[in-house]
Amino acid sequence: MANKFFVAPSPHVHSAQSTQSLMRDVIIALLPALAVSVWVYGLNVLLVTAVAVVSCVLFEFLIQKYLLGGASTIGNLSAVVTGVLLAFNLPSNIPLWIVVIGAAVAIGVAKMTFGGLGRNPFNPALVGRVFLLIAYPVQMTSFAKPTAGQYVDTFSGATPLAAVKANLVEVSDVNLLNMLNGMMPGSLGEIASLALIIGGLYMLWRKVITWHIPVAVLGTMALFAAVVAFMKGGGSLFYELPAFHLMAGGALLGAIFMATDYVTSPMTHKGMLIYGVGIGLITMVIRLWGAYPEGMSFAILFMNAVTPLINKYVKPKRFGLMSGK
Amino acid sequence: MKTFPLGGVHPSDNKKWSCAKPVEVLELPDVVNIPLGQHIGAPATAKVAKGDKVLTGQLIAEATGFMSANIHSPISGTVTAVDMQLNGQGLRQMMITIKREGDEWMPEIDRSAEIKRECNLDSAAIIAKIKDAGIVGMGGATFPTHVKLSIPNGCKAEYLIINGVECEPYLTSDHRTMLERGEELLIGVEILKKALNVEKAIIGIENNKPDAIAHLRKLIAEKQFAVTVEPLKVQYPQGGEKQLIAAVTGREVPPPPGLPIHVGAVVCNASTSVAIYEAVQKNKPLIERVVTITGKSLKEPRNLLTRMGTPVAKLVEMAGGLPEGDVKVVNGGPMMGRAMVNLDSPVTKGCSGVTVLSGKEANRVEAETCIKCAKCVSACPMGLEPYLISKMSKKQMWDGVESERITDCIECGCCQYTCPAGLPLLDYIRLGKQTVMGIIRARAAANAPKK
């Protein structure tokens, strides 16, 4: 017979999704925010992103080839995602050699040390960012001024969060519309609030992520901000503080793209909600009472560490049992 | 629209290849092989020997105990062997081989086209007739129907649910049966209601079969059957017994040893309901069934009324033969069917279709590393964590997988279907489940009071 027979246990069909297709969708979802950033900061944004992506892919390839052995995994595009996310967490005017160091830490230390994709306990891009923030604090917090449109600098080059924290401006002075369309100083990928939300909706539609983590993170932050504003006496602050906190700093980038990283987030919907609430709470505590103006990265990394514990104790609702266990 | 509460996936249903093809009668095979074990429970005991003459519909093997089923000759002719033969999976199994001579039926079988609605038998007599006719669940599980209908003490049936879901991709035999044998099906439901002494009978049909829903509703209104049709949102594995009960009644069957009857439900497949009508009203045992032969690359996908024991190769031939190149021939649908190595093996009572996958679809996707995407957890209709129990089974952590409820797994394949890393999750889960069930049985035997 001219046929070659295949035999295997069921199921015999497979969904169209693969690791590569999921990563490709994440990259597509990041493009609107990248485009806005180019509009706000100029072509330098593309240069920083390109250097981050190329270094991440190259480090993964080289480490796989010379240290770990085995087939190359760069085809699954996860290193590209790490590269784009790392770039999104950097100022647009950062020296390029710092970008390369960040990529080395992200891929070399945070990802490949543990065996590569699927085994890293912490979000690689965030480990890279936090390393750079501690090692090169000056370069990491000097932001270029937006160059597009008629931008009026109310923050003196500081991010809105830093400006409010240093009492340079009042929250009520901040132009929320500028924050929505990305006209504010900040890391190159975190400023475009609307574009990030569009990317998130795309990932929801393509079933790349579920709503649980972003909604838990952002909902907790908004509620926390509202409660604090209310206890401080409210006024106009009461209405603006939640919206300000959701659009300032890395809240949207973190909640939609960083906290939802598959490898480092919990496996059950209930666990995802706990994890998201934890990130929201820690972020707000750092923002309001901590030494740093922004706490998203630290909050996500902290909850990454708690993820194995959540996975151990938070079980899905079992069919046919009244309780979860 | 109703559906089951947890998990589920949406594989493309691929029903279009055969759903519009009316059922055709397949020509009689010259030789049939009848396996003695084609149902859940003990294999039947052969009642014929080499050289015996048999008629169509004659009992050739008798149920071995309660949890077993009778088997009847699908053709008339001479028994040429009662011996071990290869089944579809290439395993040796006891089968009765019959060489056909004409087609002479047992005289008590009513072969007229007349539809007989009136049934004056009581519950015990109905169940006895169903048992005699060797009826088993024809959706694929092949659970003996008389066992299902014998309600244990202390339980009460409240719902009779007819499974017309047919959630397996490709298969259309139940769909065609509902369209073409609707009235017989509904009389079967009436008989079952009487046997179970229940008031409520609900036919669950997925919404991708609007013609079947409309047709049955029309018949129910015209001929005044006390049955309702419940359209269900399309989602695999809705045809799973526990999922269907939850979708229709909102009640969840407890984990093993929990049974559907513990939540007051009895589920019966749509084609089985027609077979029950034939058994009770026409004295006809289960000797033929509708089999879908289908696949994207087949020249002529069909729905064929096939005598049991007909070689699968005959169906493939009727569909225009296998396509060139890589193929996988699946007994059943692509989600839960079994890949075949031997196409000369026979059609049995649980064979609702034969699906031919070809080209790239014939082989599995390549396995990569788990990226903890949690899609398997979201997809599991039983609320398990497939990535975890699969990994633990691979590491032979039997205590661990038992406490993670591996025995709840219904092997629907949603986890493996959805896994973007292409991991063989269910392979390891099956291994773990079988091992744990063995451990549980051994423990029960050790703890049993000594005589």
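This is a predicted model: local features need pLDDT of at least 70, side-chain atom pairs count only at pLDDT 80 or more; totals for chains, interfaces and linings use all residues.
Local features need pLDDT of at least 70 and side-chain atom pairs count only at pLDDT 80 or more, while totals for chains, interfaces and linings use all residues. Residues are numbered from 1 along each chain as its sequence is written, and chains are lettered from A in the order in which they are written.

A nonpolar core is a set of buried Ala, Val, Leu, Ile, Met, Phe, Trp, Tyr and Cys residues joined through C-beta atoms within 7 Å. Buried means 20 or more other C-beta atoms within 10 Å of the residue's own, exposed 12 or fewer, and partly exposed in between, with C-beta atoms placed from the backbone.

| Core | Residues | Members include |
|---|---|---|
| Largest | 134 residues | B:Ile130, B:Leu160, B:Ile161, B:Ile245, B:Ile276, B:Leu425 |
| Another, apart from it | 91 residues | A:Ala33, A:Met179, A:Ala251, A:Ile310 |

In chain A, helix H4 (residues 96-111) has 16 residues, which at 1.5 Å a residue should span 22 Å; the end C-alpha atoms are 21 Å apart, which agrees. The expected span is 1.5 Å times one less than the number of residues. Among the buried residues of H4(A) are A:Val99, A:Gly102 and A:Lys111.

B:Ser12 lies before strand S1 (24-25) of chain B. B:Ser12 is exposed, because 11 other C-beta atoms lie within 10 Å.

Technical notes. Helices (H or I, at least four residues) and strands (E, at least two) are DSSP runs, numbered from the N terminus.
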